[in-house]
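This report describes a predicted model of a protein chain.

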Amino acid sequence: MTKSPVSSSSRVVFHVPRPLKHPAYRPIWGVTVSGSLVRFIDYTIVAWLLVHQTENVFSISLLIFFRWIPFIFLGPAIGALIDRYSRISILRLTQLGMALSAAGFGIAVATDSASPPVIYFYTGVMGSLFMTETQSKLAYVSAVVGRTSLGSAIALDVVAIHMGWFIGSNLGGFFVSLMNPAVAFFIISGLLILNYWFMRTLPS
C-alpha cells in the first residue's frame, strides 16, 4: 500500500506579520493592546459613574463629546509638535500623563469628589492624551517598520483597538461589580506605568 504524497501547496503555513518581526515594533504593539484594554475599561467605568449621578441624556452624551473633541481642535497642533520632537519620547510621556490622570481621578472617586464637571474634565484630558499617543505612535511606527510594512502595522493596530473595545468594555463592567471604582483607576494607572516601562529602551 503506497502513501499518497501530500502536496506542498495543501499545507497551511502561518506567517508572522512582518512588523512583529521587528524588535522595536513588538513592544509598541504590546503597549497598543494593553493601552486599548485600559482605555475601554476606563471609559466603561467613567460612564457608569456618570450614569449613577444623572439621568439627563444630554449630560451622558457630553462624555463622548469631551473624549473626542480634542481630535478636532488639537490634532493639527499636536501633529506639528510631533514633527519637531522625538516621537518615542512624546509617546512615553503620554503614558505617564495618563497614569497620573487616572491616579488623580481615582483619588477624586475615593473622596466622593467625582462630580460631572470633574468627570468631563478628566475625560477631556484623557482624550487629549489618547490623541497625542495615537499620532506619535503612528509616526514612530511608520519610521520603524518602513513603508513596505506600514499597511500591516496599521492593520495590527486596528486589531489591538478592537480587542480593547470588545474585551476592555466587559472587563470594565466586571471591575465595577468586583471592586470599588477608585481601586480600578489605581490599577489603570499602574498598567499605564508598565506601558512606559516597556518602552524605556526603544530607540528614538
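## Overall architecture

Among the contacts in the protein chain with a separation of 6 or more, 87% are accounted for by residues 24 or more positions apart. The secondary structure consists of seven helices and zero strands, and the pattern read along the sequence is accordingly α-α-α-α-α-α-α.

Taken along the principal axes, the C-alpha atoms of the protein chain fill a box of roughly 75 × 50 × 30 Å. Of its 204 residues, 43% count as buried, while the accessible surface comes to about 11500 Å², with 70% of that area belonging to carbon and sulfur atoms.

## Nonpolar cores

The largest nonpolar core has 26 residues, of which Ile45, Phe105, Ile119 and Phe185 touch the most other members. At least two residues of this core are supplied by each of helix H1 (25-51), helix H2 (57-73), H4, helix H5 (116-145), H6 and helix H7 (181-198), and the largest share, six residues, comes from H1. A second, separate core of 14 residues includes Val31, Ile88, Ala153 and Leu202. In soluble globular proteins, nonpolar side chains tend to be buried together.

Phe185, placed in helix H7, is buried, with a relative accessible area of 0%. Leaving out residues up to four places away in sequence, Phe185 touches Asp42, Ile45, Val46, Leu49, Ala102, Ala103, Phe105, Gly106, Val109 and Tyr122. Ile119, with neighbours within four places in sequence likewise set aside, is in contact with Val46, Leu49, Leu50, Gln53, Leu63, Phe105 and Ala114.

A search of the whole structure finds three salt bridges. In one of them, Arg39 pairs with Glu133, with the closest N and O atoms 2.4 Å apart; this pair links distant parts of the chain, since Arg39 is in helix H1 and Glu133 in helix H5, 94 residues apart. Both Arg39 and Glu133 are buried.

Another salt bridge joins the side chains of Arg67 and Asp42 at 2.9 Å, N to O. Because Arg67 lies in helix H2 and Asp42 in helix H1, the pair ties together parts that are 25 residues apart in sequence. Arg67 counts as buried at 3% relative accessibility, and Asp42 is buried as well, with a relative accessible area of 1%. Lys137 and Asp157 also form a salt bridge, their closest N and O atoms being 3.4 Å apart; Lys137 lies in helix H5 and Asp157 in helix H6, so this pair ties together parts that are 20 residues apart in sequence. Lys137 is buried at 9% relative accessibility, and Asp157 is buried with a relative accessible area of 13%.

Helix H4 (residues 87-110) has 24 residues and reaches 35 Å from its first C-alpha to its last, close to the 34 Å expected at 1.5 Å a residue. At 74% relative accessibility, Asp112 counts as exposed.

## A nonpolar surface patch

Val159, Met163, Phe166, Ile167, Leu171, Phe174 and Leu178 form a nonpolar patch on the surface, and together they have about 640 Å² of accessible area. Met163, one of these residues, lies in helix H6 (residues 150-178) and is partly exposed, with a relative accessible area of 32%.

Note on methods: Residues numbered from 1 in each chain as written. Predicted model: local features only at pLDDT ≥ 70, side-chain atom pairs only at ≥ 80, totals over all residues. Heavy atoms only, no water. Helix = DSSP H or I, 4+ residues; strand = E, 2+ residues; numbered from the N terminus. Expected span 1.5 Å × (residues − 1). Patch = residues over 30% accessible without salt bridge, like charges linked within 9 Å, V, L, I, M, F, W, Y side chains within 5 Å. Areas by Shrake-Rupley, 256 points an atom, 1.4 Å probe, with all protein chains shown as cover. Salt bridge = Lys/Arg side-chain N within 4 Å of Asp/Glu carboxyl O. Buried < 20%, exposed > 50% of the residue type's maximum accessible area, 1.4 Å probe, protein only. Contact = heavy atoms within 4.5 Å. Core = buried A, V, L, I, M, F, W, Y, C linked by side-chain atoms within 4.5 Å.
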